[in-house]
Amino acid sequence: MNTRQIGTSLACVLVASMVTMGIAMLAPATASAAQPRVPHAPEPRPKLVVGIFVEGLTADYVDLLRSGMGADGFNRLISQGVSIDNVDYGPGVDATAATAILVSGTAPGVNGIPSARVWDTTSRLDIPVLLDPSKAGRYTDADLTATPIKVSTLADEVRIADGGLGAVHSIALDPQTAIILAGHAGNSAAWISDTDGKWTRSSSHPDMPSALSRRNVGLTLASRLDTLSWQPLKALDTYPDLPAYKKTYPFRYTFPARLADRFTQFKASAAGNHEIVAAAADYISTLRLGSRDFTDMISLGLDVSPYPYSTDADNRLERMDAILRLDADIAQIVKAIEAGPGMANTLLFVAGTPAPPSVRRDDDRWGVPSGQFSPRKATSLLNMYLMALHGNGEWVSGYHNGFFFLNRRLIKERDLGEAAIRAEAAEFLARMSGVADVYTIDDILARRAGDTPMAIQRNISPEHAGDLMVRVSPGWVISDSETSDELAQQPVVRWAATTSPVYILAPTLSATEIVETIDARAIAPTVARLLRIRSPNGAALPPLMF
């Protein structure tokens, strides 16, 4: 064998050895990558769920005021939990409908709750959405029921998950909010009566916890209300972004016996929130919520919307003060939790819902285009138009919350097509001053209406919807008021999109901020995932992963 042959043989042996070694070196790494992850024991399920639903809460105000807040309210929620800045409910929903979306994971078209009040075509009355129409005109708050909610809710699923062993309670300023938060299976749903200030319960949720019974017998709200007031919590110069004139005169609201609606005014104030929170803290303590081997839940319905009884159209000071007081109220709930099951065993979330329209018309000196759309006049003119086409009769049954209702019985008696009559009516209404858009229910359900047809259709409950939806121009007032003073107090139509924040604090979560817009229907399945229970039965969206 010559030198070249010997070299070639040695090279082949060397390459073969390197390949063999390489395979041997790679084999352990490949085998290691294929090995399954070692399972670990799951974190214990939260023993207490606390949901705080706040009408009118916005992330902008929370961020603006954080430097003046304490450590255990919003600052704790944001620094230790998940902050979702922009939760979108879609168009045309109020706080009641938004609350139903949050707890059911589905929109009004499925859950059956499109707004706080709906039009009953039989009695032709505006009634609460949770009222049996057979009781229209002669009901009390106790007649409200969860039956109109067509799907299960988070409260229901918490009860079902543990076979009914867990307790579910709700307390709210508004009766319908309390019932929606308690769901179908909740133990109790309570609120403060507008009539006498006493705690009231729903007939469909008969329990009355001792924390409320004592309040109704002992130190009642009626006996204390003369001594209660709402005024700024801090020095006026510490509230940011206030014009100079607002820093001179502090507000002060009292609730004397001479006011016929003093309980209603009190409930709309920041002091009303504190009454709910104090009762909720008592619930956690006296009922020992979260102290057992299953999950309990308590939900609160609060309000930081612009104060409707303010004498000044600029109510920024009141709103900021209400949010600062809300921060202290959340801290009070945290304190009650820490004295009970502890935050390590609790899931706490705070969710904002849309505020009612409250922006009054700008002074004429600013020259902003405006006008008045009168539903009563529009109804009369539309009825006369249809009479001219089809003969005498009451063709229009009524107007409610942006919808015109046609007399379907009369249309049937005249052997006319409903869709054709609706099209004629829409063409007429579209020519009225102040009307920007008109959609028939046919177009809405077929997803042909507006710039976001799917969102509009999703937020319509066919059971409660009228025949024609009218969208009034921005800057206009929707009112039948005859006097300029009354008209000046009416809210102005605004088309600005509004979103609300949601904050979630749980032992398994770390600080996370989500700035993308999130569909409100994702919140219920997200909370359900953190509780390791099934989502409400109408929730079609997947939970958020963080």
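The model is predicted: local features need pLDDT of at least 70, side-chain atom pairs count only at pLDDT 80 or more, and totals for chains, interfaces and linings use all residues. Residues are numbered from 1 along each chain as its sequence is written, and side-chain values use heavy atoms, with hydrogens and water left out.

A cavity is a set of points, on a 1 Å grid over the protein atoms alone, where a 1.4 Å probe fits but cannot get out. A pocket is an open set with protein on both sides within 12 Å along at least five of seven lines. Lining residues have an atom within 4 Å of a point. Grid points are joined across faces, edges and corners, and a volume is the space filled by probe spheres set on the points.

Two cavities of 30 Å³ or more are present. The largest cavity holds about 60 Å³ of space. Its lining consists of I192, G197, K198, W199, R215, N216, T220, L221, R224 and E275. Helices (H or I, at least four residues) and strands (E, at least two) are DSSP runs, numbered from the N terminus. By class, the lining has three nonpolar, three polar and four charged residues. Here Ala, Val, Leu, Ile, Met, Phe, Trp, Tyr, Cys and Pro count as nonpolar, Asp, Glu, Lys and Arg as charged, and the others, Gly among them, as polar.

The second largest cavity has a volume of about 40 Å³. Its lining residues include W230, D303, Y307, E318 and R319. Helix α12 (residues 316-339) gives the most to this lining, with three residues. Six nonpolar, two polar and three charged residues make up the lining.

The second largest pocket contains about 380 Å³ of space. Of its 15 lining residues, T121, T122, S397, L406 and R408 are the closest to its centre. Strand β14 (403-406) and helix α14 (408-413) each supply at least two residues of the lining. The classes divide into five nonpolar, five polar and five charged.

Q176 lies in helix α7 (residues 175-182). Q176 is buried (under 20% relative accessible area), at 5%. Its side chain reaches two backbone nitrogens: that of V129 at 3.1 Å and that of L130 at 2.9 Å. Leaving aside neighbours within four places in sequence, Q176 is in contact (heavy atoms within 4.5 Å) with A116, P128, V129, L130 and L144.

Helix α19 (residues 523-531) is mostly covered, with eight of its nine residues buried. These are I523, A524, P525, T526, V527, A528, L530 and L531. Just after α19, R532 takes a positive phi of about 55 degrees.

Two further residues have positive phi in loops. R124, although not a glycine, has a positive phi of about 55 degrees. R124 sits in the loop between β3 (117-120) and β4 (125-128). At a relative accessible area of 30%, R124 is partly exposed, the class between buried and exposed (over 50%) in a calculation with a 1.4 Å probe and protein chains only. D415 likewise is not a glycine and has a positive phi of about 55 degrees. D415 is found in the loop between α14 and α15 (418-429). D415 counts as exposed, at 70% relative accessibility.

Definitions and conventions:
Polar contact = N/O pair within 3.5 Å; in protein donor to acceptor, adjacent residues only side chain to side chain.
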